[in-house]
Amino acid sequence: MEIFSYVLEGALEHKDTLGTGSVIRPGDVQLMSAGSGVAHSEFNHSADEPVHFLQIWIVPDVSGATPRYQQEHFRREQKQGRLQLIISPDGADGSLQVRQDARVYAGLFDGEQSATLTLPPDRYAYVHVARGAVELNGVQLREGDWRAGARGAGPELKQWPGCRGTGVRSAAAGTATDAMKHPLTSVGETVTDAMKLPVNPVGASLLAMASGQPIFM
């Protein structure tokens, strides 16, 4: 499994049997490839302050690979008003390298800022609103909401059944995580083949993902 963590608030401490020990803060992206096997733990680095983070699992395109750990910091200005590539198969633009035909983007938007991600044919897409609120192809989404779809050989993006979801939050031990799961079919109403994300004035933080197959968990 390819597992990446994205911290929204606080500090997340990581330890694993590869010998890695690190603290992940807002702006950091951590990607761990479990490969042939690794034991790991993530926990709140602070005894007083809460930590809020997203952890998303991506099914790899190879099994039994050597486990590995990557971490990179992306500055706020890299994400402000645009979609910054943070994870990709080839490590393009300083992104972390994932063992799958998938690309993950992070963006921060205020006021009238917007971005468009145009999907090539036969691609799947997933958008998760981490903070604030956005409008995605005419649909209002708020913190914890997600939306997913797939573009076939034609110009249309098909949305998955039940494609609008709400994040699940847990406050155990002073931490909060968002979990999401979606159907793996690609039928439903037609929306556009590009994702345009105008945002309301309160600002928003979001993750957008595109892949060659439905491999997000």
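Glu-9 is partly exposed, at 39% relative accessibility; here buried means under 20% relative accessible area, exposed means over 50%, and partly exposed lies in between, computed with a 1.4 Å probe on protein chains only. Before I continue, please note that this is a predicted model, in which local features need pLDDT of at least 70 and side-chain atom pairs count only at pLDDT 80 or more, while totals for chains, interfaces and linings use all residues. Residues are numbered from 1 along each chain as its sequence is written, and side-chain values use heavy atoms, with hydrogens and water left out.

Which residue forms a salt bridge with Glu-9? The partner is Arg-131, and the closest N and O atoms are 3.3 Å apart. A salt bridge is defined here as a side-chain nitrogen of Lys or Arg within 4 Å of a carboxyl oxygen of Asp or Glu. Because Arg-131 lies in strand E12 (residues 123–136) and Glu-9 in strand E1 (residues 2–9), the pair ties together parts that are 122 residues apart in sequence.

How many salt bridges does the structure hold? There are 4. In general, side chains of opposite charge can pair when their charged atoms come close.

Let us turn to Asp-101. Its side chain meets that of Arg-103 in a salt bridge, at 3.6 Å from N to O. Asp-101 also meets Arg-123 in a salt bridge, here at 2.8 Å from N to O. Arg-123 lies in strand E12, whereas Asp-101 sits in the loop between strand E9 (96–97) and strand E10 (102–109), so this pair ties together parts that are 22 residues apart in sequence. Through shared partners, Asp-101, Arg-103 and Arg-123 are joined into one network. Arg-123, by contrast, is buried, with a relative accessible area of 12%.

I now come to strand E12 itself. Of its 14 residues, 11 are buried, so the strand is largely enclosed by the rest of the structure. Which strands pair with E12? One of them is strand E14 (residues 145–151), which runs antiparallel to E12 and is joined to it by 6 bridges; two strands count as paired if DSSP finds at least two bridges between them. Within this pairing, His-128 stands opposite Trp-146 in E14. Another is strand E13 (residues 139–142), paired with E12 in the antiparallel sense over 4 bridges, with Leu-141 in E13 as the bridge partner of Val-134. E12 and E13 form a hairpin with 2 residues between them.

In the turn of that hairpin is Asn-137, whose phi is positive, at about 50°, although Asn-137 is not a glycine. Asn-137 is partly exposed, at 28% relative accessibility. As background, most residues other than glycine have a negative phi. Asp-93 likewise has a positive phi, near 55°, in a residue other than glycine. Asp-93 is found in the loop between strand E8 (83–88) and E9, and it is exposed, with a relative accessible area of 64%.

The structure holds 1 aromatic pair, formed by Tyr-126 and Trp-146, which are stacked at 5.7 Å centre to centre with 20° between the planes. Rings of Phe, Tyr and Trp (its six-membered ring) pair if their centres lie within 6.5 Å; planes under 30 degrees apart count as stacked, over 60 as edge-to-face and the rest as tilted. The pair links distant parts of the chain, with Tyr-126 in strand E12 and Trp-146 in strand E14, 20 residues apart. Are these residues buried or exposed? Tyr-126 and Trp-146 are both buried.

Finally, there is an open sheet of 3 strands, in the order E3-E2-E5, with antiparallel pairing. Strand E3 (21–24) and strand E5 (40–44) stand at the edges with a single partner strand each, so one side of each is left without a neighbour in the sheet. Strand E2 (residues 12–16) pairs with E3 in the antiparallel sense over 4 bridges, and Lys-15 stands opposite Gly-21 in E3. In general, strands of a sheet pair through backbone hydrogen bonds, either parallel or antiparallel.
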